[in-house]
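I opened this notebook to record what I looked up in one structure.

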Amino acid sequence: NTFTYTVEEILFPSSLFLVGSLTGWDPTTSLPFNNTAENVFTIVIDLPSGAEFKFLPQNTGWDGDWGANGSIEGGIIQEGENNISGYDAGTYLVTVDYNTLTFNLQTLESLFLVGSLTGWDPGTSVPMGEASLGVFSTIIDLPDGAEFKFLPSNTGWDGDWGENSENQGSIIQDGENNLTGFDAGLHVVAVDFNTMSFTVSAVSSTPTELYIVGSHNGWD
């Protein structure tokens, strides 16, 4: 209409926080994201029903807040932004990508291990327990040469996670590799969606009995 264009500099934040109804809309109690890739931030949250939220580059005030771009689905913007809302109650992985100026929410209710040791069949994949918010783990006896990945459900391959070839020890969904190269034996496999990372740690055995010791009994 005006035969004009604009060029606007975008300063990528070095940190990011989630503020909203679940934090009382108080920047000082906002939830910190993890910087898991270049200009990419992730966090795992438990959203209550009817929750609304936005993003802040610091937890000291409202300057520079980001919200939903009403003109682009999944986009973020600073001027004229909307609160992000409309999600059912549940656990979500929230990803904010400043390379594309987008945000994404994925449900995170369960995780399964699938691979050569399960015949690559999602239906026989191994369920992983939720150790804490966004952290899943299992103990498994890996055969020699085993390869495996992770699935959000045991009904199919949609949304599978594997190793990021460009960042050892991290997980990714697009262009992922199988996890491999581990010695045969008993291992603890853990996935932390807060940091988008995984660990595979060898253990000699699991105990048949367990006791708790601490200050309550004099560390005896």
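The entries below follow that order.

**Entry 1: source of the coordinates.** I noted at the outset that this is a predicted model.

**Entry 2: nonpolar cores.** I asked which residues have the most contacts inside the largest nonpolar core. They are Met128, Phe148, Phe150, Val189, Val191 and Phe193, in a core of 21 residues. I then listed the strands that each supply at least two residues of this core: β10 (111-115), β12 (135-142), β13 (148-151), β16 (185-192) and β17 (197-202). Of the contributors, β12 gives the most, with 3 residues. I also recorded a second, separate core of 20 residues, which includes Ala51, Phe53, Ile76 and Val96. As background, I noted that nonpolar side chains tend to be buried together in soluble globular proteins.

**Entry 3: surroundings of Val189.** I looked up what Val189 touches, leaving aside residues up to four places away in sequence. The list comprises Leu113, Met128, Phe136, Ser137, Thr138, Ile140, Phe148, Phe150, Thr199 and Val200. Among these, Met128, Phe148 and Phe150 are also named with Val189 as residues with the most contacts inside the largest core.

**Entry 4: sheet of 3 strands.** I found an open sheet with the order β2-β1-β5 and antiparallel pairing. Its edge strands, β2 (31-32) and β5 (53-56), each pair on one side only. Strand β1 (residues 17-20) pairs with β2 in the antiparallel sense over 2 bridges, and Phe17 stands opposite Pro32 in β2.

**Entry 5: sheet of 4 strands.** I recorded another open sheet, with antiparallel pairing and the order β3-β4-β8-β9. From one strand to the next, the twist averages 30 degrees. I examined the pairing of β8 (residues 90-97) with β9, which is antiparallel and runs over 6 bridges. Within this pair, Thr95 stands opposite Asn104 in β9.

**Entry 6: largest pocket.** I asked how many residues line the largest pocket. There are 21, of which Ala37, Val40, Thr95, Ile172 and Met196 lie nearest its centre. The space in this pocket is about 520 Å³. I noted that β3, β4 (40-47), β8, β9 and β15 (171-172) each supply at least two residues of the lining. The strand that gives the most is β9, with 4 residues.

Technical notes. Residues are numbered from 1 along each chain as its sequence is written. This is a predicted model: local features need pLDDT of at least 70, side-chain atom pairs count only at pLDDT 80 or more; totals for chains, interfaces and linings use all residues. Side-chain values use heavy atoms; hydrogens and water are left out. A nonpolar core is a set of buried Ala, Val, Leu, Ile, Met, Phe, Trp, Tyr and Cys residues joined through side-chain atoms within 4.5 Å. Buried means under 20% relative accessible area, exposed over 50%, partly exposed in between (1.4 Å probe, protein chains only). Contact means heavy atoms within 4.5 Å. Two strands pair if DSSP finds at least two bridges between them. Axes are lines fitted to C-alpha atoms, for helices over the stretch in contact, and angles run from 0 to 180 degrees between N-to-C directions. On a 1 Å grid over the protein atoms alone, a cavity is a set of points where a 1.4 Å probe fits but cannot get out, and a pocket is an open set with protein on both sides within 12 Å along at least five of seven lines; lining residues have an atom within 4 Å of a point. Grid points are joined across faces, edges and corners, and a volume is the space filled by probe spheres set on the points.
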